[in-house]
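Good morning, colleagues. Please keep the structure in view as I speak.

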Amino acid sequence: MMLDLKRLENELMAWLGESRVRILDAMNTPLHVDVKSGRNDLVTNVDKANQRFLTGKILAAYPDARIEGEEGTGDKVHDLAGIVFFLDPIDGTMNFVKQHANFAVMIGVYENGAPRFGAILDVMRNEVLTGGPTVAPKRNGRRLPLPKDHELKDGLMGASGPLLIHNKLNVQAINEASSGTRITGSAGMEFKAIIEGQQIGYISYLQPWDVAAGMAIGAHFGLQVTRPDGKAINMLEPGFVVAALPSAYREIRQLIVVD
Ligand code: IPD
Ligand code: CA
Ligand code: CA
Ligand code: CA
């Protein structure tokens with residue numbers, strides 16, 4: 001089945017709109033917060049409920065699709081054949097719990113391993129970014145100007161806090177060579193900043209559902225998204241991710257030190 005991208009865009013806008021109302025409603029009662037792998041790795045009742053909600057919507061519309069979602073109500077995807085929805089029901093759960101802001105809902109849709117469409121909902125700002133390799137990026141349904149390519153020194157770099165603190169991949173020097181460093185604690189917010197032209201790049205350690213939507217939207221304007229050694233992202237496993245506009249990407253690759 002070939003995806004109808006217009007239909008998909010309308011569906012994602014509708015599902016994310018509903019999802020947002022449900023999340024805001026759930027924020028009126030105390031959250032149930034569980035620790036996953038460690039004290040910095042949290043999941044809430046809202047992450048789980050939103051994954052269940054979106055999984056239901058996706059499977060009702062695309063019964064043959066498979067879902068790789070963080071909170072585990074979908075399938076465990078071992079190959080990328082057919083249509084795969086990568087779903088992060090709350091990206092930036094720590095921000096959600098501590099800040100009640102700066103978190104996203106992300107859906108990336110891939111067909112036979114190729115990115116086709118992505119959507120990033122910034123819940124508290126009520127902004128949905130959509131787009132894909134063949135679909136121009138939009139915010140709340142309106143075309144966005146495409147981000148401009150800059151030298152690294154002329155753009156802000158996003159970073160993962162732990163990578164910067166431990167200077168993995170030589171990120172301290174990379175970020176020092178930029179206009180400045182921004183850390184948001186949400187991969188979705190970082191990709192949103194790149195798509196909106198506020199930031200030139202981002203380096204982090206990410207899961208497939210953290211990167212799927214941003215990589216699909218960024219493909220429209222040549223956003224480079226690779227492993228630190230330049231290899232393509234394997235959407236079946238986590239790993240380090242370098243995302244940047246082309247000029248900055250080339251500079252970053254020269255500065256990066258692969259451990
Ligand atoms: C996390 C955030 C964070 C990134 C982590 C992700 P989650 O997502 O995107 O910015 O540094 O690697 O796991 O777990 O809150 O969905
Ligand atoms: Ca998580
Ligand atoms: Ca998540
Ligand atoms: Ca995430």
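Predicted model: local features only at pLDDT ≥ 70, side-chain atom pairs only at ≥ 80, totals over all residues.

I begin with Lys76, which is found in the loop between S3 and S4. Residues are numbered from 1 along each chain as its sequence is written, and chains are lettered from A and ligands numbered from 1 in the order in which they are written.

Is Lys76 buried or exposed? Lys76 is exposed, because it has 7 other C-beta atoms within 10 Å. The definition calls a residue exposed if 12 or fewer other C-beta atoms, placed from the backbone, lie within 10 Å of its own, buried if there are 20 or more, and partly exposed in between.

In S4, nine of its nine residues are buried. S4 runs parallel to S3, joined by four bridges, and antiparallel to S5, joined by seven; strands are said to pair if DSSP finds at least two bridges between them. Glu68 stands opposite Phe86 in S4, and Phe85 stands opposite Val109 in S5.

Let me now turn to the domains. The protein is divided into domain 1 (5-143) and domain 2 (152-255), with bounds that come from an automatic or database domain assignment. Their centres, taken over C-alpha atoms, are 20 Å apart. The contact takes 35 residues from domain 1 and 23 residues from domain 2, where contact requires C-beta atoms, placed from the backbone, within 7 Å. On the side of domain 1 that touches domain 2, S6 gives the most, with seven residues.

What of the nonpolar core? The largest has 68 residues, and Ala119, Ala212, Ala213 and Ala243 have the most contacts inside it. Such a core is a set of buried Ala, Val, Leu, Ile, Met, Phe, Trp, Tyr and Cys residues joined through C-beta atoms within 7 Å. Helix H7 (residues 208-218) supplies the largest share of this core, seven residues. Beyond its neighbours within four places in sequence, Ala243 is in contact with several residues, including Phe191, Ile194 and Val225. Phe191 and Ile194 are among the buried residues of H6, a helix in which nine of nine residues are buried. H6 is followed by Gly197, whose phi is positive, near 80°.

Finally, the ligand. Which residues are closest to ligand 1? Of the 13 residues that surround ligand 1, the closest are Asp91, Thr93, Ser160, Ser186 and Ala187; a residue counts as near if its C-beta atom, placed from the backbone, lies within 6 Å. S4 and S12 (201-206) each supply at least two residues of this shell, and S12 gives the largest share, three residues. Why does ligand 1 lie between the domains? Domain 1 and domain 2 both give residues to its shell, so ligand 1 lies between them.

Key:
Contact = placed C-beta atoms within 7 Å.
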